[in-house]
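Subject: Structure handover

Hello,

The structure is pasted below, and my notes on it follow. Please read them with the model open.

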Amino acid sequence: MRLTVIGCSGSYPGPDSPASCYLLEADGIDPADPDAGPRPWRVLVDLGNGALGALARYVDPLTIDAVLVSHLHADHCLDLCGYYVMRKYHPRGPQPRIPVYGPSDTAGRMARAYDLPEDPGMTEEFDFRPYDGAFTLGPFLVEPIRVEHPVEAYGLRVTADGHVLGYSGDTAPCDGLDAVAADVDLLLAEASFRTGDDNPPGVHLTGADCGDVAARVGLDRLVLTHVPPWFDREEILAEARAVHHGSVELAHPGATYLLG
């Protein structure tokens with residue numbers, strides 16, 4: 001499984017990065033054509049504002065097999081609007097529906113975001129599926145886990161070829177985050193707050209929070225993401241490294257990580 005960071009800016013696109021978007025790739029059998037042998041599968045984790053254009057630097061956006069939306073804040077889902085236009089009106093013709101997994105009102109949220117009637121909204125382009133336990137997408141096993149945030153939000157565990165990626169989504173410290181992080185090969189964790197600031201409860205993690213969960217579950221690899229542009233990213237990194245003495249680094253657009 002390969003992870004490519006498309007966008008990693010927190011809360012809104014920054015000068016150097018779009019908002020949250022991550023590309024997962026692995027080879028697997030297509031159940032619609034099992035005799036064809038393995039093919040590349042591509043899944044997006046979040047599609048925040050500014051990310052769709054950047055995605056085209058790495059892959060043809062029309063080759064994406066599914067989108068996993070952690071929650072319905074704009075910096076994690078809003079470029080589904082542009083993706084809807086691309087899939088509906090592309091010169092190659094309307095594209096097949098693809099699954100979009102997310103919180104319970106994802107279809108309605110996206111229809112309202114583009115000022116569409118909710119029926120049909122974007123349902124002719126996207127097959128919206130609310131999270132309801134673990135599921136498979138080609139070679140990927142996806143386990144959504146509810147985490148603590150002001151809206152319905154999920155962290156994700158994604159397994160392929162026996163290797164596991166943990167993605168925090170947006171969350172405060174909680175039992176769900178610990179479940180996401182347990183025994184993963186790499187944890188991609190948001191670090192939106194700084195220790196020592198007057199941070200509101202129940203919203204985000206600090207760099208130190210990320211380091212703490214990594215240390216407690218014994219992680220080998222921690223990658224910090226979703227740092228807002230108004231903060232010094234190196235300061236957030238230093239917070240995490242002061243707590244966790246394993247591998248800790250900052251996500252940046254174009255970074256790739258091989259799991260397995």
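Helix pair H6 and H7

H6 crosses H7 in a right-handed sense (right-handed if the near helix is turned clockwise from the far one by less than a right angle, left-handed if anticlockwise). The residues making the contact are Gly207, Ala208, Gly211, Asp212 and Ala215 of H6 and Ile236, Glu239, Ala240 and Val243 of H7; contact means heavy atoms within 4.5 Å. Helices (H or I, at least four residues) and strands (E, at least two) are DSSP runs, numbered from the N terminus.

This is a predicted model, in which local features need pLDDT of at least 70 and side-chain atom pairs count only at pLDDT 80 or more, while totals for chains, interfaces and linings use all residues. Residues are numbered from 1 along each chain as its sequence is written, and side-chain values use heavy atoms, with hydrogens and water left out.

Two packed helices are described by the angle between their axes and the distance between the axes. For H6 and H7 the axes come within 7 Å and cross at roughly 30°. Axes are lines fitted to C-alpha atoms, for helices over the stretch in contact, and angles run from 0 to 180 degrees between N-to-C directions. H6 and H7 are therefore roughly parallel to each other (under 35 degrees; over 145 is roughly antiparallel, 65 to 115 roughly perpendicular and the rest oblique).

The faces of H7

H7 spans residues 233-243, and its buried residues are Ile236, Leu237, Glu239 and Ala240. Buried means under 20% relative accessible area, exposed over 50%, and partly exposed in between (1.4 Å probe, protein chains only). Seen down the axis of H7, the buried residues fall within an arc of 155°, so they line one face of the helix; the arc is that of the directions from the helix axis to the C-beta atoms. Their packing partners are helix H6 (207-217), strand E12 (221-225) and strand E13 (247-250). Glu234 and Ala242, on the other side of H7, are exposed.

The N-terminal end of H7 is capped by Asp232, with a side-chain oxygen 2.9 Å from the backbone nitrogen of Glu234.

Ser192 lies in the loop between strand E11 (186-190) and H6, and is buried at a relative accessible area of 3%. Its side chain makes polar contacts with the side chains of Glu190 (2.7 Å) and His204 (3.4 Å). A polar contact is a pair of N or O atoms within 3.5 Å; within protein, one must be able to donate a hydrogen and the other to accept it, and residues adjacent in sequence count only if both atoms are side-chain atoms. Leaving aside residues up to four places away in sequence, Ser192 touches His204, Leu205, His226, Pro228 and Phe231.

His226 sits in the loop between E12 and H7. His226 is not a glycine, yet has a positive phi of about 60°; at 1% relative accessibility, His226 counts as buried.

Other backbone points

Ser11, also not a glycine, has a positive phi of about 80°. Ser11 is in the loop between strand E1 (2-7) and strand E2 (21-28), and at 33% relative accessibility counts as partly exposed.

The peptide bond joining Asp119 and Pro120 is cis, with omega about 10°. Pro120 belongs to the loop between helix H4 (106-113) and strand E6 (126-130).

Regards
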